[in-house]
Amino acid sequence: MDMTKNTGLSVKGIDKSFGPVEALKEVSLGVREGEFFTLLGPSGCGKTTLLRIIAGLELPDSGRVILGGQDITSLPATKRQVNTVFQSYALFPHLSIFENVAFGLRSRKFPKNEVKSRVSKRLEMLGLQGMAHRRPDQLSGGQQQRVALARALVNEPKVLLLDEPMSALDAKLRAQVQVELRRLQRKLGQTFILVTHDQSEAMVVSDRIAVMNQGEIIQFGSPKEVYEEPKTLFVAEFLGAANLIEGRKNNGRLETDVGFLVLQRLPKWEEGTVAIRPERIRITESPPSVNGTKARIREAIYRGTDIDLWLDPGPLRVRTAAHRGYAVGDEVWLEFPSAALVILDE
Amino acid sequence: MNKLLIWYGELTTQRRLTKRGCQFLGLGMLWILLFLVLPGLVLVVVSFATRGSYGQLEWSFTIENYKRLLGFSVFGWTADYISILWRSVWVAFVTSLIAVILSYPLCFFICSRPERTRYLWLMLVIIPFWTNMVIRTYAWFLILAPEFPPARLANLLGFIPQNTPLYPNAFAVYIGMVTIFLPFVALPLYASVERLDWSLVEAAQDLYASKVRVFMQAILPQTMPGLSVGVILTFVPAMGMFVVPDLLGGAKYMLVGNLIEQQFGASRDWPFGAAVSMGMMVLTMVSLYLYRRKHKEMQFI
């Protein structure tokens, strides 16, 4: 964690409770300048509360928020160089698109021509030219979302906060917007912090991800790191599918239901769990030399490019190319490559 | 011809629907016709009649009543009646304004209470609303009496001589009027405040808005439906109010309601009373029209 660099944003030891519910427990994190950072977690994990504390819409019980080397913990939202894209977009329904985008500049009393040029520039950047005089309810969901984005970006915030901005879009549009959002962030070089419960969304857009659960950050890392090297069972299961194999140490190997497994390093625990992604299990015709087991296909789910197989013993889940044509009842050999087996913390 | 159709899930015909519609609407229409439209027309007719020497109606057409209302009399022009009309509009306006200013904090306070106690607070607003208006107005006699703190304080500050009550005067009229009309504003406004989308308030704060700007842009537009109902419910009856100014305003503080009451009562001048009523009605319509128009073109800055 990089918390000393004073150009980015850092959050130190944040606690927050709502009555008896502890929403955040001693949360600390550092976001580098120009980074696309994602807070990922299931609903109720405290990610939105953390975002609201950064935005100044919520006060932490303890801890500090530091932006560009300056302690902004007690600075109200109206004075923070931080802007938010709200989940509901929160566009002002009585104002035109132009006035919505101009809102922050007008609040800060920018001269008229400056407002006009800045707003027009943002509208154009987000493909909203020609809609300046419409009202929010005359726009589609995707357009409204871009207005919300323009409205925040026009203020050139030090950090842009995005609170589940894509949850209201349909799947196809969402995938497209994710890519656009990433391109936009690259182009602007601004710091973005996204809150989402959608792991694939987090993978697409982020430079780094913080996986949260029950008010705590469980793991930091690049999308590749958190996906391929999950530290805990929660992370392994939350980010895509994972086979969890329980075992105990035995003679430098792991004794499990699928036979003895050789790992790249020995786990610290005596008894515990290792995880392997479904696409990392290899199917072979002949028995592999190590880390192999015989299995029978119980169920095959065709998914277009891939096929998902559920096998006994287990059930183990394997994803492989669909054209290889496996059928229910087939007996195959499975290989668990050592490099793909991830040791989970207790 | 008599085609079958499905109307809100019911299989029926056009003719049957028309018949049923007439049955439902008929009674109400009759009521309005008998007790609103006809008396209204009578009022128009009477306003052009002449008062006989004993207060009886004489059916000779004249516009004398309207001329009198506008201030023209045998002794030349006076602004008496026009100023009464104007004062009524002004009192109604100020009453509405004060009620609105008081209602906002009140509604936000009630909405911020936990669900259980919220209805208790609402009841406290509603109970006086159920109490007879005359009783509520008389209650102010007691509160504003010379022995009580408000009058003593006013005396101490040199506004009134010792041992005098705080009525009758304009101040007492405003107090009485606001007391009566506060629930009319507070209740519809409460309904709007309760449904307030707070994310707009947060968005405004996030976008550097000052407190005034947050109110004007995020709260006012959202509460406009409740507010405008409340203002109409206050402004229109407040213009015709005569009990409160009569009791708390004294003879010198006459509003159009008192004037009308006087013409139909003590003065026995029905034609002039009718003319004043027509004047007030026109004024109400104009006010409402202006209010609606202002409403539509209101630019929130």
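Entry 1, a helix in chain A. This is a predicted model. I looked up α4(A) and found 10 of its 13 residues buried, so the helix is largely enclosed by the rest of the structure. I listed the buried ones: Q144(A), Q145(A), R146(A), V147(A), A148(A), L149(A), A150(A), R151(A), A152(A) and L153(A). I then asked what covers the buried residues of α4(A). The cover includes two strands, β6 (82-85) and β7 (159-163) of chain A. It also includes the helices α2 (97-107), α3 (112-125) and α5 (171-188) of chain A. I checked the length too: α4(A), residues 141-153, reaches 18 Å from first C-alpha to last, close to the 18 Å expected.

I took α3(B), residues 80-112, and α9(B), residues 211-240. They pack at about 145 degrees, with axes 8 Å apart. The crossing is right-handed. On α3(B) I noted S88(B), V89(B), V91(B), A92(B), T95(B), S96(B), A99(B), V100(B) and S103(B) in the contact. From α9(B) come L227(B), G230(B), V231(B), T234(B), F235(B), A238(B) and M239(B). I sorted the contact by class: 10 nonpolar, six polar and no charged residues.

The contact takes 15 residues from chain A and 14 from chain B. Which elements give two or more residues to chain A's side? I found β6 and α2 of chain A. The largest share, three residues, comes from α2(A). By class, chain A's side has seven nonpolar, seven polar and one charged residues.

Technical notes:
Residues are numbered from 1 along each chain as its sequence is written. Chains are lettered from A and ligands numbered from 1 in the order in which they are written. This is a predicted model: local features need pLDDT of at least 70, side-chain atom pairs count only at pLDDT 80 or more; totals for chains, interfaces and linings use all residues. Axes are lines fitted to C-alpha atoms, for helices over the stretch in contact, and angles run from 0 to 180 degrees between N-to-C directions. Helices (H or I, at least four residues) and strands (E, at least two) are DSSP runs, numbered from the N terminus. A crossing is left-handed if the near helix is turned anticlockwise from the far one by less than a right angle, and right-handed if clockwise. Two residues are in contact if their C-beta atoms, placed from the backbone, lie within 7 Å. Ala, Val, Leu, Ile, Met, Phe, Trp, Tyr, Cys and Pro count as nonpolar, Asp, Glu, Lys and Arg as charged, and the others, Gly among them, as polar. The expected span of a helix is 1.5 Å times one less than its number of residues. A residue is buried if 20 or more other C-beta atoms lie within 10 Å of its own, exposed if 12 or fewer, and partly exposed in between; C-beta atoms are placed from the backbone.
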